[in-house]
Amino acid sequence: MASSATRVDLDGKPITGITICMIGAGGFIGSHLCEKLMSETPHTVLAVDVYNDKIKHLLEPDSLPWTGRIQFHRINIKNDSRLEGLIKMADLTINLAAICTPADYNTRPLDTIYSNFIDALPVVKYCSENNKRLIHFSTCEVYGKTIGSYLPKDSPLRQDPAYYILKEDESPCIFGSIEKQRWSYACAKQLIERLIYAEGAENGLEFTIVRPFNWIGPRMDFIPGIDGPSEGVPRVLACFSNNLLRREPLKLVDGGESQRTFIYIKDAIEAVMLMIENPARANGHIFNVGNPNNEVTVRQLAEMMTKVYSKVSGEPSIDSPTIDVSSKEFYGEGYDDSDKRIPDMTIINKQLGWNPKTSLWDLLESTLTYQHRTYAEAIKQAIAKPIAS
Ligand SMILES: NC(=O)c1ccc[n+]([C@@H]2O[C@H](COP(=O)([O-])OP(=O)(O)OC[C@H]3O[C@@H](n4cnc5c(N)ncnc54)[C@H](O)[C@@H]3O)[C@@H](O)[C@H]2O)c1
Ligand SMILES: O=c1ccn([C@@H]2O[C@H](COP(=O)(O)OP(=O)(O)O[C@H]3OC[C@@H](O)[C@H](O)[C@H]3O)[C@@H](O)[C@H]2O)c(=O)[nH]1
């Protein structure tokens with residue numbers, strides 16, 4: 001229920017209810033953002049997506065305390081003239097819609113480029129033409145590889161943060177060659193960032209760009225064969241969850257040496273809320289949103305998830321919990337990877353005073369508890385079926 005006490009922004013000014021057109025509201029991040037907006041704020045959401053399974057609990061039944069403050073519009077933004085009307089009705093547009101799963105970048109590169117650049121263009125245009133504020137979701141992938149990754153393996157400079165910390169206003173964007181189609185996503189996201197920035201500079205568009213660094217938590221992607229295609233390859237949290245639920249070894253792509261920082265979705269949503277409710281502090285900025293304290297290699301992530309899952313499920317882990325696979329075998333031709341991703345937090349700290357809170361162990365414990373509760377029974381039944389028939 002929205003709090004009856006007056007809510008104030010970071011400058012002590014009362015926050016009044018606004019209308020938000022949220023595109024991609026039915027996805028992982030959108031579902032958490034809608035939940036937060038409904039339960040803790042007076043704002044209204046025009047939720048746009050082609051799917052609504054992940055926000056069904058917010059839409060039905062009609063007796064929910066926030067009924068009337070969230071409306072679902074089943075719209076494909078590629079080809080629907082209703083989009084401009086919704087953006088005009090709203091005070092703020094948040095665009096989350098994208099193809100953003102690495103398994104698609106080198107196998108569906110055209111869809112990836114269209115989704116992340118071409119389909120986002122009208123959203124930017126309508127916001128600019130109608131003087132509406134835009135919060136656009138980009139990605140940490142725009143940084144690509146670190147400068148340090150090009151140094152000799154034994155160079156002491158690899159230990160120097162100047163060669164790997166990713167800063168919004170300083171770090172270059174370093175992608176692989178064109179046949180490494182992994183980078184089509186990052187490149188499309190970079191170009192839409194540049195276009196939004198240019199709309200700000202030339203036409204006064206009020207914008208904020210978010211660069212998420214591996215946000216993870218409940219409802220991320222799908223479990224293949226249960227609530228998504230059997231042959232589908234989701235992002236690493238769901239891949240490893242699927243392996244753990246099925247008691248299969250976790251697959252380490254190219255040895256699992258890449259490094260990532262993972263942040264709990266609920267911490268990240270707090271940052272987005274501050275952007276929504278503090279436009280004067282957020283407009284014109286690009287923000288890294290991640291947790292620099294939660295860095296692991298993918299191998300370490302697999303080991304930690306195995307331990308945590310054993311704890312929450314009460315089942316001992318299997319004898320060989322991981323297996324190495326080549327990226328070509330796992331993702332196909334044209335895959336490449338980001339070596340290391342540590343966000344610099346200076347800008348978001350200065351503008352919004354935000355810091356992440358949750359440790360990797362704790363966020364995995366709550367997420368894998370959810371995965372076990374949601375999927376373990378369905379997986380058991382799916383595994384039992386072919387034997388029974
Ligand atoms: N989750 C992360 O860690 C992460 C990291 C970096 C960037 N991002 C960015 O954040 C955004 C949201 O990511 P997510 O993790 O919630 O992904 P998601 O796939 O769960 O959500 C995206 C949503 O957009 C919808 N969508 C896609 N194309 C659409 C279209 N043409 N019309 C209407 N709806 C459409 C999808 O149906 C989906 O519900 C994306 O732009 C992504 O690139 C996320
Ligand atoms: O089963 C698996 C799945 C993935 N991996 C590896 O785990 C790492 C993380 O993979 P993810 O699928 O979560 O995606 P990445 O971190 O590479 O990219 C993500 O980054 C930010 C967003 O823009 C996107 O959500 C996505 O592009 C990669 O090194 C990948 O090769 C495995 O080793 N095994």
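This is a predicted model: local features need pLDDT of at least 70, side-chain atom pairs count only at pLDDT 80 or more; totals for chains, interfaces and linings use all residues.
**Stop one: the cavity.** A cavity here is a set of points, on a 1 Å grid over the protein atoms alone, where a 1.4 Å probe fits but cannot get out; lining residues have an atom within 4 Å of a point. The largest cavity has about 100 Å³ of space. Select Leu244, Arg247, Pro316, Ser317 and Ile318, the closest to its centre of the 14 lining residues. Now colour α11, which gives the most to this lining, with 4 residues (helices are DSSP runs of H or I, at least four residues).

**Stop two: a tyrosine pair.** Select Tyr105 and Tyr185: their rings are stacked, 4.2 Å centre to centre with 10 degrees between the planes (rings pair if their centres lie within 6.5 Å, and planes under 30 degrees apart count as stacked). Tyr105 sits in helix α4 and Tyr185 in helix α7, 80 residues apart. Both are buried (under 20% relative accessible area, 1.4 Å probe).

**Stop three: charges over rings.** Show Lys340, whose charged end sits over the ring of Tyr164, 4.6 Å from its centre (NZ of Lys or CZ of Arg must be within 6 Å of the ring centre and within 35 degrees of the ring normal). Then try Arg182, lying over the face of Trp183 at 5.6 Å from the ring centre.

How values were computed
Residues are numbered from 1 along each chain as its sequence is written. Chains are lettered from A and ligands numbered from 1 in the order in which they are written. Side-chain values use heavy atoms; hydrogens and water are left out. On a 1 Å grid over the protein atoms alone, a cavity is a set of points where a 1.4 Å probe fits but cannot get out, and a pocket is an open set with protein on both sides within 12 Å along at least five of seven lines; lining residues have an atom within 4 Å of a point. Grid points are joined across faces, edges and corners, and a volume is the space filled by probe spheres set on the points. Helices (H or I, at least four residues) and strands (E, at least two) are DSSP runs, numbered from the N terminus. Rings of Phe, Tyr and Trp (its six-membered ring) pair if their centres lie within 6.5 Å; planes under 30 degrees apart count as stacked, over 60 as edge-to-face and the rest as tilted. Buried means under 20% relative accessible area, exposed over 50%, partly exposed in between (1.4 Å probe, protein chains only).
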